[in-house]
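Let's take a walk through this structure together. We'll stop at one residue, then move on to a sheet.

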Amino acid sequence: MSEEVLQMQNISKSFSSVKILEKVNFDLNKGEVHVLIGENGAGKSTLMKILTGVYPKDEGEILLENKESGLLEPIEIPNPNAAIQLGINMVFQETNLLEEMTVAENIFIGYEPTKNGFLDKKAMYNQTVELLKRVHLNISPNALVSSLTAAQRQSVEIAKSLSHNGRILILDEPTSSLSEREVRTLFAIIADLKAQGVSIVYISHRMEELFEIGDRITVLRDGTFVGTLNVRETNEEEIVSMMIGRKLEDTQNNSNRGKRINYSKVAFECKNVTIGDFKDKVDLKIHSGEIVGLYGLVGSGRSELAQIFYGIDPIQKGTVEKAGKKISIRNPEQAIKHGIALLSEDRKKYGFIPGKSIRDNIVLMKLRELSYFRPSLKEETDIAVKYMNELKVAASSEHQSISSLSGGNQQKVVLSKILAMNPDILILDEPTRGVDVGAKAEIYDIIYELAESGKAILMISSDLPEILRVSDRVVVMHDGSIKMDEANVDLSQEKILQAALS
Amino acid sequence: MAQQVLANKTKETIDISSEQAKLIKKNKRKEILRQFSLLSILVLLIILFSVTTASFFSVDNFTNILRQVAVTTIAAIGVFMIILLGDIDLSVGSLYALIGVMAAFVWQGTGNTVLTLLTALAAGAIIGFGNGFITAKGKIPAFVTTLATMGIARGIAYIVTSGSPIGIVEPGFTIFGTGYVGGIIPVPVVIMIVVFILGSILINNTRFGRYIYAVGGNAQASHWSGLNTNKIRIIVFTIAGLLYGLSSIILAGRLGGALPTAGQGAEMDAITAVILGGTSLSGGKGKISGVLIGCLIIGVLNNGLDLIGLSSYWQQVIKGIIIIAAVLYDTKSKNKN
């Protein structure tokens, strides 16, 4: 009964000349669970956002089953509302429910049943009861969403999509915030929906789940379509190698950086630290002169760990030591005083002050060490120019606004700001995100030089070739705990990814 | 200095198209033009009123205008710093009333001029600190905090005075409102100039001034850069409160006492001047010189329209139109960038 309900053919999409998707194919049968998998940035979200009308596609065709004739017909999905009308719904990791409204109100928002021009609350209540039954949810339709757990909210979202006669349901990492028991309930709901003929696109990084509930699996890599397989006819190794692909130049880079030197001095160490709601304890050591590459997929807790080290999030359990001495870090100010600096993964949000000059941004942290009044102007210029030259920032002068620079140059300015503080421990969260190839290589050289000069470096990255190329030691996280911690000697992308998925 | 830097650089670092360079130049020109256009509006108004009325263009009237704008300008410099942070203060006018009343009570009780002045300044600073503390630590929007203190301050001023004025008949005090330095320059104008100079130094020439712009430009990035954004916010509100205290002294000095009704709508005058001066309400952008010009524009407008004989109702209408025109111009020039 492999009756097709959806075909996406040769879908391409670019954002400001960067190709995100190139000729991607995806199809969906009635009542199946089709898993969509790929590394961070492989294009899964973009493909689904095109299907739900969030982004317009540049090229390609979307065919959807006509409800009357049962035939596939080309359609346009110009906006999210059109997707909902066609029965295509997406449940996001972060639910979009309105906290201070009831479950029934949330489910019917925008489509409230009316009688004589007034809200038909009774119909709304009764229909909600029916919908909640379908998602195994035993709560009152009049309960406030703010009183629900994460799992219950997710089920309400699913019920909401069913209320629009949803026939295609997209679940984005639905189990990432669920307990084991809640996962079981979700899977039971999915099985029910399948039996009712609802087709499900299931995005997840958790290998074991895919084999449990998936019917077919499609792998994307760097915005291209790699292949679609029957779950029953494949195995974990095959999927991992499809996700990574064979790239000669990268395997050559599979360097022996791990053999570089013997480290003696532990610069930074954390013991028994827990991340967010995860229970496992994290132990991590970084030596002077060492580059530790931290890999983990979205939701693994890697950025959260970095934020604990930098005092953005309070440390709940465990201790942090610098050069053997226990230190307390309650805010970034203290972290900086202890010689710890962080380059944020979100440059725009946390990295720089928009509209201000390159110089003002570079010296922002350094100002406290300069004289209080303006005669430091010359000093400031000297510092800014020094780092602009060292890091090869391409700009007309230090007075140019940072907002007018390219991503790579903005990143160099933010890095300059941190380096000006001369930290001993550098945490670089996605240092080459949104940076072009040329600037990438330059940033790698900077990182090598910093390690050479004795700094301890923790580099967080979602880019496997980058991890292998830059790191002396590779640490892999999954669900808030460390799954692998090895010197970068004869490591492969497969091995790292498998640890991250386990 | 820019050329020197350019010369220092290796060729590969100067990887910038001539188009981009042109754009930067163009933006710089625009910024100068903007400052200039603000000034030219002021000059235009002065010419307009000089031609249409007989009594506008005289030393006496100009001195008069300056004295009239002094109270607003001093407070507006405080409001300017708050808006630069991306916050707002609605409590200015009510604080005039409460601070004035407190000072008047101290005067009645002690008869000590110095103590009266210190009370006014301290009261302003403490209430400002409270506004900043609640906003920063409570993570409450400044709009809400100061909306509340606006009501509280005005209410207390009425309660403790039962709605009637309290006189401060002491030449040592009223001199701040009505006196002259050297027989020509009004004392309020001298205070205004001193505050403006000190404010300019703080904003443009100190580390703290730079921090205000940074927090207003991107509070999160500032926090991640190790700035204590709460402390910065609290200090700015405290300084602003101190300036309101100063304005209150001048106002009470001019009126010869404290009124619970004093300063009705003063916050709007200050905010209007700051916006007219080109300060972005979203924070991080603005010049203190713009505040002064903004205040002068409003002062000239009030004075000139009075002389023409336009009713105060019409004056409000015209001021409103000018605000919309100024902000429209501002957003339009921003969008072009």
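Before the first stop, one cut-off is handy: a residue is called buried when its relative accessible area is under 20%, and exposed when that area is over 50%. Keep in mind as well that you're looking at a predicted model.

Now find D215(A), in the loop between α7 (207-213) and β11 (216-221) of chain A. Is D215(A) buried or exposed? Its relative accessible area is 16%, so D215(A) is buried. What does D215(A) touch, leaving aside residues up to four places away in sequence? The list is G31(A), E32(A), V33(A), K194(A), N230(A), V231(A) and R232(A). Look at V33(A) in particular: its backbone nitrogen lies 2.7 Å from a polar atom of the D215(A) side chain.

On to the sheet. Strands of a sheet pair through backbone hydrogen bonds, either parallel or antiparallel. Here, in chain A, you'll find an open sheet of four strands, ordered β14-β13-β16-β17, and the pairing is antiparallel. β14 (282-287) and β17 (325-327) of chain A each have a single partner strand, so they stand at the edges with one side lacking a neighbour in the sheet. Ignoring direction, neighbouring strands of this sheet are turned by 20 degrees against each other on average.

Zoom in on β13 (residues 266-273) and β16 (residues 319-322) of chain A: these antiparallel strands are joined by four bridges. Which residue in β16(A) is the bridge partner of C270(A)? That's V320(A).

Finally, look for helix α10 (residues 302-309) of chain A. Helix α10 lies across β13, β14 and β16 of chain A, and runs at about 115 degrees to β13(A).

Methods. Residues are numbered from 1 along each chain as its sequence is written. Chains are lettered from A and ligands numbered from 1 in the order in which they are written. This is a predicted model: local features need pLDDT of at least 70, side-chain atom pairs count only at pLDDT 80 or more; totals for chains, interfaces and linings use all residues. Side-chain values use heavy atoms; hydrogens and water are left out. Helices (H or I, at least four residues) and strands (E, at least two) are DSSP runs, numbered from the N terminus. Buried means under 20% relative accessible area, exposed over 50%, partly exposed in between (1.4 Å probe, protein chains only). A polar contact is a pair of N or O atoms within 3.5 Å; within protein, one must be able to donate a hydrogen and the other to accept it, and residues adjacent in sequence count only if both atoms are side-chain atoms. Contact means heavy atoms within 4.5 Å. Two strands pair if DSSP finds at least two bridges between them. Axes are lines fitted to C-alpha atoms, for helices over the stretch in contact, and angles run from 0 to 180 degrees between N-to-C directions.
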